[in-house]
Amino acid sequence: MELSKVKLFWTIFLISFSYIILGKLSISYITMPEGIAIVWLPNAIILSTFLLRPRNEWLWYICTFLISEIIADLGSFTLIQSIQFGLINIFEGLLAALLIQRFNKNTINFKNIKYLLTFIIFALTIVPSITAILGALVYVTQIETQTNFLEFWRVWFFGDALGLLLLVPLIVLISQNKNFSLGKMIKLESIFMILITISLATVIFSTELKLGVLPSTPMIFLLIFMWITYRKGIIFSMNLAMVVVCIVVYFTIHHVGPFSIFSATLNTLYLQEFISTLVVLILFFGVLLKEIKEKNILLLRTNFKLKKLSKNLEKRVNEKTKSLEDANEKLKFLATTDFLTEIYNRRFFDESLNNEIEKAQRYNSSLSFIMFDIDYFKNVNDTFGHNVGDKVLISLTKLIKENIRKIDIFSRIGGEEFVIILPNTDLEKTKELAIKLKDLVENHVLIIDNQEIRITISLGLSTFNENNQTYNEIFKTADTNLYEAKRKGRNIIVS
């Protein structure tokens, strides 16, 4: 318990520290000189936390986010404004997380197309458009500015959506990838890709252009990152994209590069569109590649199995034939039916009683057991012969079977000794059945070979309780009670 509290404390500390750093970074370095925000990163911490952490910890994180927002906004906004911004950001992350989890049955998988689409629809579109209204209201009502409501709404919406798009998939993918290691990613090919991409980004976005239309030069990065994603996967590509985005933002803020030829508003707009297009392309292309690779792997495995099966078919047929012959012999040995009476035999009884005891223990249900045998059966054999004795056994089992339930397990375990397992039956009901069977046998006349034969039975009862928990205990109790019934004169019941 103490260990989990320590872990929660350090998690809260790390989340708070990350939120404050990203907040300060967004306010100080990812904002145009005119005050137009390009990307708001802290909300990615909020949404990632709600997606990855259990709900019983959410209240702790809500308080953490609110305090962190106030700290991050120090010097830029008043306390009241910081609290308002914090509550809006928390509401945005909470609502987006609940909607994403609701439509994905609480699963988290940024390598799945459906999950990626719900993330884009809710986290990047619907929810930010709602919270942008609240944020814009705070700006136009409490902060002196020449910017109108619609412009503030657009700035808030795109800034939040871009921050979530840049960091949430990356955070979730890294946290779910237990084998993730920067060391594994940094190989010769990876170093070459990193150097070429960073150099190209620096050259293109540090060059001043004098054009009247949006240049197409930045679009080369779409092709570059498709190749990088194909070669190295989503996580590597997303990390490298973050570096490129930092380079692009730095030069654009200083009015250098392809987007600097426009006004501050259009400058920001085109930059945001470029970043969102680049990251969405990486995510969708990476997910599609993963699904294609998985299907190819599955296809290869299936083909391999088919070839292996085909190659060993004759051998398997021979083995199966021998196995079937062995199984048939075993089935004959393990036959569950008594050959004379056609009711269950001792082997089946042993397995059934153990199974019923386990059920009674698991479901806390009642279980009872009747053991009986024919009184003076030796006299029947001696007087009428063993052939008649066999017919007596057959007639008796038929009579008993017709007067018990289908779920009751009726078995012959010896010469003239029988047992009945009674699932879901307490001792009182068992006594009633025992009396019924005893009277039924006593009053029944068996007509065998034109001879009238009357028999009686002695019965010993046992039930599953604190004193009878095992097979041996239940069986011994019934056997002892049967012996006592015979000692007392037979044709009686002892429980």
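Q: At roughly what angle do the axes of H2 and H4 cross?
A: In this predicted model, where local features need pLDDT of at least 70 and side-chain atom pairs count only at pLDDT 80 or more, totals for chains, interfaces and linings use all residues. Residues are numbered from 1 along each chain as its sequence is written, and side-chain values use heavy atoms, with hydrogens and water left out. The axes of H2 and H4 cross at roughly 40 degrees and come within 9 Å. Axes here are lines fitted to C-alpha atoms, for helices over the stretch in contact, and angles run from 0 to 180 degrees between N-to-C directions. Helices (H or I, at least four residues) and strands (E, at least two) are DSSP runs numbered from the N terminus.

Q: What does that make H2 relative to H4?
A: That makes H2 oblique to H4. Angles under 35 degrees count as roughly parallel, over 145 as roughly antiparallel, 65 to 115 as roughly perpendicular, and the rest as oblique. The crossing of H2 with H4 is right-handed; a crossing has that hand if the near helix is turned clockwise from the far one by less than a right angle, and is left-handed if anticlockwise.

Q: Which residues in H2 meet H4?
A: Asn43, Ile46, Leu47, Phe50 and Leu51 of H2 do so, and their partners in H4 include Asn89, Ile90, Glu92 and Gly93. Contact means heavy atoms within 4.5 Å. By class, the contact of H2 with H4 has nine nonpolar, four polar and one charged residues. Here Ala, Val, Leu, Ile, Met, Phe, Trp, Tyr, Cys and Pro count as nonpolar, Asp, Glu, Lys and Arg as charged, and the others, Gly among them, as polar.

Q: How many residues of H2 are buried?
A: In H2 (residues 42-52), 10 of the 11 residues are buried, among them Pro42, Ser48 and Thr49. Buried means under 20% relative accessible area, exposed over 50%, and partly exposed in between (1.4 Å probe, protein chains only).

Q: And at what angle do H4 and H5 pack?
A: H4 (residues 79-103) and H5 (residues 113-142) pack at about 160 degrees, their axes being 9 Å apart. That makes H4 roughly antiparallel to H5. Their crossing is right-handed, and the residues of this contact divide into 17 nonpolar, six polar and two charged.

Q: Where is Phe91?
A: Phe91 sits in H4 and is partly exposed at 37% relative accessibility. Phe91 and Val127 are 36 residues apart in sequence, and their C-alpha atoms are 9.2 Å apart in space.

Q: Changing topic: how far apart are the axes of H15 and H16?
A: The axes of H15 (residues 386-401) and H16 (residues 427-442) are 11 Å apart, and the helices pack at about 140 degrees. That makes H15 oblique to H16, with a right-handed crossing. Leu396, Leu399 and Ile400 of H15 meet Leu437, Leu440 and Val441 of H16. By class, this contact has six nonpolar, no polar and no charged residues.

Q: Which strand is Ile370 found in?
A: Ile370 is found in E1 (residues 367-374) and is buried, at a relative accessible area of 0%. Leaving aside neighbours within four places in sequence, Ile370 is in contact with residues including Phe418, Leu433 and Leu461. Thr430 is 60 residues from Ile370 along the chain, yet their C-alpha atoms are separated by 7.7 Å.

Q: What about Thr197, buried or exposed?
A: Thr197, which is in H8 (residues 188-205), is buried at 2% relative accessibility. Outside four places in sequence, the contacts of Thr197 are Phe221, Ile224, Phe225, Ile228, Leu240 and Val244.

Q: Where does Glu342 lie?
A: Glu342 lies in the loop between H12 (313-333) and H13 (346-363). Its phi is positive, about 60 degrees, although Glu342 is not a glycine. Most residues other than glycine have a negative phi. Glu342 is exposed, with a relative accessible area of 60%. Asn424 also has a positive phi, about 55 degrees; Asn424 lies in the loop between E3 (417-423) and H16 and is exposed at 54%.

Q: Last topic: how many disulfides does the count come to?
A: The count comes to zero disulfides, a disulfide being a pair of cysteine sulfur atoms within 2.5 Å. Cys63 is partly exposed, with a relative accessible area of 43%, and Cys246 is partly exposed at 47%.
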